[in-house]
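Okay, thanks everyone for coming.

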Amino acid sequence: MAKTDLPKVETRLYINGKWLEGSEGTFEVVNPATGKILANVQKGGESETKKAIQAANQAFESWSKTSPAQRAKLMNKMADLVEKDSERLATIMTMEQGKPIAQATAEIKTNVENLRWNAAQGQRILGDLIPAPATNEWQVRKEPVGVVGAITPWNFPSNMIIRKISPAIAAGCTVILKPAKATPLSALALMELFEKAGFSNGVVNIVMGDSSTIGKILTESEDVQKITFTGSTEVGKILNEQAASTLKKVSMELGGHAPFIIFPDADLDLATDQLIKTKFINNGQVCTSPNRIFLHEDIKEEATKLIVEKIKKVTVGNGLADPTTGPLINQEGVEKVEEQIKDAVEKGATILSGGHRLVKGEFANGFFFEPTVLDGVTKEMAIFYKETFGPVIPLITFKEEEQVIKDANDTVFGLASYFFSTNIHTIANVSNKLQYGMVGVNDTAISNSATPFGGVKHSGFGRENGTYGVEEYVTAKFVTIRTAK
């Protein structure tokens, strides 16, 4: 098989342990690096979604009663299969999503860690015995919430799936997965492995198709007890409103607009290295990507020089060649970046590096954009308030600590935030006052299997990963037992 060939992967729906044709025809999956069609995937609709709900509901009765140890055994088998198949899974991801093969491989590795961590944690979902009167015993039991509808995005087309399915099945829930239409192949490749691992029919199911149709059925179904969604705030609001009619449990991991603050006492080499490294993960198409870069006026000139020097070392290309960064996901993504840069320049910003779409040679048919540095960004510009989801570093100058905290919090989003300082008082003050679900201090590695991931404000609610993530899939039942008169 040539390096540019798509590895063999299923293109059908997977419902109740069977691979099925869709009733709504097919849709195309396009390689964002080449513009070529990779596959035509079966498209489901209302009937397939209802079949998947029925299958998951039936499977829940037995799966919820399966011992935590047996569930863990199957999950660890799945982890083994993912690890063994990592090269194929990473290649599929790079070809349909565009990210460099090294980043795709790292994402698959994270899947393995997440499966193993949740397999273990599923055996530690503990209830309580509460001190009670002598006549009674008071118990709190943790029970799986039920059938879960999981709706996942295209930017992490494998890990977002495992990050939702792992805690759900570890807790005893069953799942219907709706992956993004841009990247269904990574999801289908995982479903192949769930089948191979030996999970019972109906424990995991996948339906591809239009989000509006499938999402509405999942959210409004009385048989679906939990919705977990990662995606835009706009879509999240719609799903949350639809889910309200059945009062089901909901988790929302939505948009972000992360500030990245460099204080005058910071280690500038560390701060600028971390900025470049983090910004160009998935070409800036990450909800936790640094989007507003605040530089203290005392170090502004030096920090800017370092950023411009380091961004020149960022390579762009087809992800299979393993550059620093690959293409954007589609034409809409390119246009959004272009519009924000145009607006900023018209209002006084200066382009220090990049600023244009790449269209010649190997870039001709893909959605590539130059790594870009914008200086002189102010609140009058759209980029200050709107999530970019692209390879742009906007520089903003600040003077006072309290003012930069206020400016960093001046957004409807509250997912991730970062700042760099060696002053213990600054670290204590800023980490306390930043209105975000996650704060990285001299560090940007904020996503780990053992630590909670999630935001506040319009970035959503609920948590993934860690013990907090598993708790999203259980409900507490209080039982009082009279033991004496």
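So, start with arginine 88 and aspartate 85: their side chains meet in a salt bridge, 2.8 Å from N to O. Keep in mind that this is a predicted model. Are these two residues buried or exposed? Arginine 88 has 19% relative accessibility, so it counts as buried, since the cut-off is under 20%. Aspartate 85 counts as buried too, at 18%.

Now compare that with lysine 477, which pairs with glutamate 143, the closest N and O atoms being 3.0 Å apart.

One more pair: aspartate 410 and lysine 379 form a salt bridge, with 3.3 Å from N to O. Aspartate 410 is in the loop between α13 and β19, and lysine 379 is in the loop between β17 and α12, so parts 31 residues apart in sequence get tied together. There's also a network of salt bridges that links Arg163, Lys164, Glu253 and Glu464. The count comes to 24 salt bridges.

Let's go back to α13, residues 401-408. Its buried residues are Val404, Ile405, Asp407 and Ala408. They cover an arc of only 165 degrees around the axis, which means they're on the same side of α13. And what do they pack against? That would be β12, β13, α12, β18 and α14.

Next, the nonpolar cores. The largest has 79 residues, and among those touching the most other members are Met78, Phe194 and Phe199. Helix α6, residues 184-197, gives the largest share of this core, 9 residues. Apart from it there's another core, of 29 residues, including Phe280 and Val373. As for methionine 78, if you leave aside neighbours within four places in sequence, its contacts include Leu115, Leu190 and Ala197.

Last, the domains. The assignment gives domain 1 as 13-254 + 459-478 and domain 2 as 258-441. Together they bury about 1900 Å², 61% of it on carbon and sulfur atoms. On the domain 1 side, Pro32, Trp154 and Ser459 lose the most area to domain 2. And how many salt bridges are found across that interface? The number is 0.

Definitions and conventions: Residues numbered from 1 in each chain as written. Predicted model: local features only at pLDDT ≥ 70, side-chain atom pairs only at ≥ 80, totals over all residues. Heavy atoms only, no water. Core = buried A, V, L, I, M, F, W, Y, C linked by side-chain atoms within 4.5 Å. Buried < 20%, exposed > 50% of the residue type's maximum accessible area, 1.4 Å probe, protein only. Helix = DSSP H or I, 4+ residues; strand = E, 2+ residues; numbered from the N terminus. Contact = heavy atoms within 4.5 Å. Arc of directions from axis to C-beta. Domains from an automatic or database assignment. Buried area = accessible area lost by both parts, 1.4 Å probe. Salt bridge = Lys/Arg side-chain N within 4 Å of Asp/Glu carboxyl O.
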